[in-house]
Amino acid sequence: VAVWGLNGLQQHFMQDQCVEMYGAKKPTALGKSMMGIAGQTMILAAVYMGALVQGKSQAESFAYSWIAGALFGAKWAFTEADNFNAPKAGPLAWTVIGAGIAYAC
């Protein structure tokens with residue numbers, strides 16, 4: 001779980017270093033954003049599995065994962081949406097939905 005989570009952190013927050021480490025072609029800004037989303041998915045899975053390992057119920061673990069996902073939605077809205085001339089309403093709506101699901105759990 002820890003290695004998966006660390007790999008997700010690397011993929012989400014350090015795209016340039018990942019590209020260099022694996023010897024891949026330099027991605028476009030959209031490609032880097034997609035790498036970040038792939039890392040986010042890995043982080044959410046690690047949060048869920050880590051919570052289960054810590055003895056949390058499946059519902060609690062699911063809630064923790066949705067909380068993290070909601071935070072990543074807000075992060076994207078405020079740090080990347082403007083780079084793509086994308087409206088912030090979609091990711092912010094996803095943030096609210098994620099928080100609602102986490103609360104329901």
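**Fold and helix packing**

I read along the sequence and found that the protein chain follows the pattern α-α-α-α-α. My tally of its secondary structure is five helices and zero strands; helices (H or I, at least four residues) and strands (E, at least two) are DSSP runs, numbered from the N terminus.

I noted that this is a predicted model, where local features need pLDDT of at least 70, side-chain atom pairs count only at pLDDT 80 or more, and totals for chains, interfaces and linings use all residues. Residues are numbered from 1 along each chain as its sequence is written, and side-chain values use heavy atoms, with hydrogens and water left out.

Next I looked up the overall span: the C-alpha trace of the protein chain covers about 40 × 35 × 10 Å along its principal axes.

Then I turned to one helix pair. The axes of helix 1 (residues 2-13) and helix 2 (residues 15-22) come within 5 Å and cross at roughly 105°. The axes are lines fitted to C-alpha atoms, for helices over the stretch in contact, and angles run from 0 to 180 degrees between N-to-C directions. That makes helix 1 roughly perpendicular to helix 2 (angles of 65 to 115 degrees count as such, under 35 as roughly parallel, over 145 as roughly antiparallel and the rest as oblique).

Which residues meet there? I found Q10, Q11, H12 and F13 of helix 1 meeting Q15, C18 and M21 of helix 2, with contact meaning heavy atoms within 4.5 Å.

Last, I checked burial: 34% of the 105 residues in the protein chain are buried, meaning under 20% relative accessible area with a 1.4 Å probe, protein chains only.

Terms used:
Buried < 20%, exposed > 50% of the residue type's maximum accessible area, 1.4 Å probe, protein only.
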